[in-house]
Amino acid sequence: MNNRLKNNLFKYWAITCTLFGIAMLLIFLINIVIDGVGRLDWNFITDLPSRKPELAGIYTAIMGTVWILGLTAIIAIPIGVAAGIYLEEYGKKSRFANILEINITNLAGIPSIIYGILGLEVFVRMFGLGNSVIAGALTLSLLILPIIIVATREAIKAVPKTIREASFALGATKWQTISQQILPAAGGGVVTGVILALSRAIGETAPLIVVGALTYVPFVPQSPMDQYSVLPMQIFNWISRPEKEFATNAAAAIIVLLLITFIMNGFAIYLRNRWQKKVKW
Amino acid sequence: MSYKLTADHVNVWYGNFHALKDISIRIRPNTVTAFIGPSGCGKSTFLRLINRMNDYIDGFRMDGHILIDEKNIYAKRVRVEELRKEVGMVFQKPNPFPKTIFDNVVYGLTIRGVKDKHTLEEACESSLRQAALWDEVKDNLKKSALALSGGQQQRLCIARTLAVKPTVILMDEPASALDPISTAKIEELIAELKQHYTIIIVTHNMQQAARISDRTAFFYLGELVEFDTTVNIFTAPKEEKTQSYITGRFG
């Protein structure tokens, strides 16, 4: 009886905890939607920022986000995936790889503002990139590299050893085995990890404040050297204004940002499922 | 008559563990040789020496020589990719790639740069025929290999090995994960393949060794205890250890 009681107690405790998390999220979502959904229309998305809350839109912020995210993807994906392949396939036994591994795991836990300071020192000042899109993208790349590396390694680890052996036994070189067997089989996991990393990057504000993203940009970046703003920066800026109407704008922008994140996550899940159907063990 | 494979005083260590002790053996072409012995006796280790699959294991070290067609396969200038074209391998668990049946069979050719569609199709058909799988899959070559049954998958793996035209085929307990009917098919296949290939098979199943092999090698604790014709090993072993193993007194 006592054991059964404990069993049930734990079950209900676990359910309560789960519900607590979901309830908090729901309250937040409902609040935001109530505040912001009335402000959402096509003009809000295509308008430039303005001092007048009813005229202000998020066009430049969205375009800044697209620029930042695109460049971050171009920089972080090849480096992160290649580093993951190296650590899993080539550098496995060396002491050097061990040290790298510990450091990468630690890097994933560093507060993002620290990356901002690093980006400020290295990209903005040392490389003289200023507060440009490319400096911001490089900083965010550093931030999500550990996530991509870890996801790549996990995906490669999940490929059965027997596949590798079969490929080698047929006379394939290491690179042929990696490129023709391991990466295609691990692709679903890699892609999922990459998208999740990018959806982390899309919401980051702190490091971009440090490397100089602007809060008021009346133009869309034309090149990687241009100045920019991003959605979270715009939201941050509007929330810190005293006028109540800007708070409504912030809520509407939050809805847009959340939608983009949900779509990206949904796309990640879709890709993972599709890949799993194609590659069954 | 010359020998296909000669091993000369081969020793293998994994770190400090002396896994194979002074193994010398000579195998003639177009024969089936069975390696038997209890788990951990070194028979698989020896098999995997022949296509250098042990090279990837941490702490692996060997001395002595292994010659195939009189050529030392551990010589410095030997490229393992070339060696493995000569020496194919079939594993214990069927391990098809998660690709189509066709792509599985021709993988060994495409990685060597064969692109001509006609050549690939011909190689695919003849390999699948040799592996006695053609009639079962000829209409489904574009289907995933993973949709096949375990026994079919193993024959696919054999076909994949045959496609690169090796002269030696190593089999590491190829039927141990299969049901009796699939096992019988694999055994029939081995008897057929013997005409064109030199086959070395590791098996836990002594009846299987007796049924399919010409010669049998008994390994125990890293030593080659006895190597003789299969008939002699199973009816008149010279060594006491062989006698007690084949009669089931240990294992």
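How many residues of chain B are in contact with chain A, and how many of chain A with chain B? Keep in mind that this is a predicted model. The count is 18 residues on chain B and 16 on chain A.

Let's stay on the chain B side. The largest share comes from α2(B), with three residues. By residue class, the chain B side splits into nine nonpolar, six charged and three polar.

Now the cores. The largest nonpolar core has 75 residues. Which members touch the most others? They are Phe35(B), Ile50(B), Ala159(B), Val168(B), Leu170(B), Ile199(B) and Ile200(B). Helix α6 of chain B, residues 150-163, supplies the largest share of this core, six residues. As background, nonpolar side chains tend to be buried together in soluble globular proteins.

Take Ala159(B) in detail. Leaving out residues up to four places away in sequence, Ala159(B) touches Val105(B), Ser127(B), Leu128(B), Gln130(B), Ala131(B) and Leu133(B).

Last item: helix α1 of chain A. Helix α1(A) runs over residues 2-36, so 35 residues at 1.5 Å a residue give an expected 51 Å. The model reaches 51 Å from the first C-alpha to the last, close to that value. Is α1(A) well covered or hardly covered? Hardly covered: of its 35 residues, the buried count is one.

Note on methods: Residues numbered from 1 in each chain as written. Chains lettered and ligands numbered in written order. Predicted model: local features only at pLDDT ≥ 70, side-chain atom pairs only at ≥ 80, totals over all residues. Core = buried A, V, L, I, M, F, W, Y, C linked by C-beta atoms within 7 Å. Buried ≥ 20, exposed ≤ 12 C-beta atoms within 10 Å, placed from the backbone. Helix = DSSP H or I, 4+ residues; strand = E, 2+ residues; numbered from the N terminus. Contact = placed C-beta atoms within 7 Å. Nonpolar A, V, L, I, M, F, W, Y, C, P; charged D, E, K, R; others polar.
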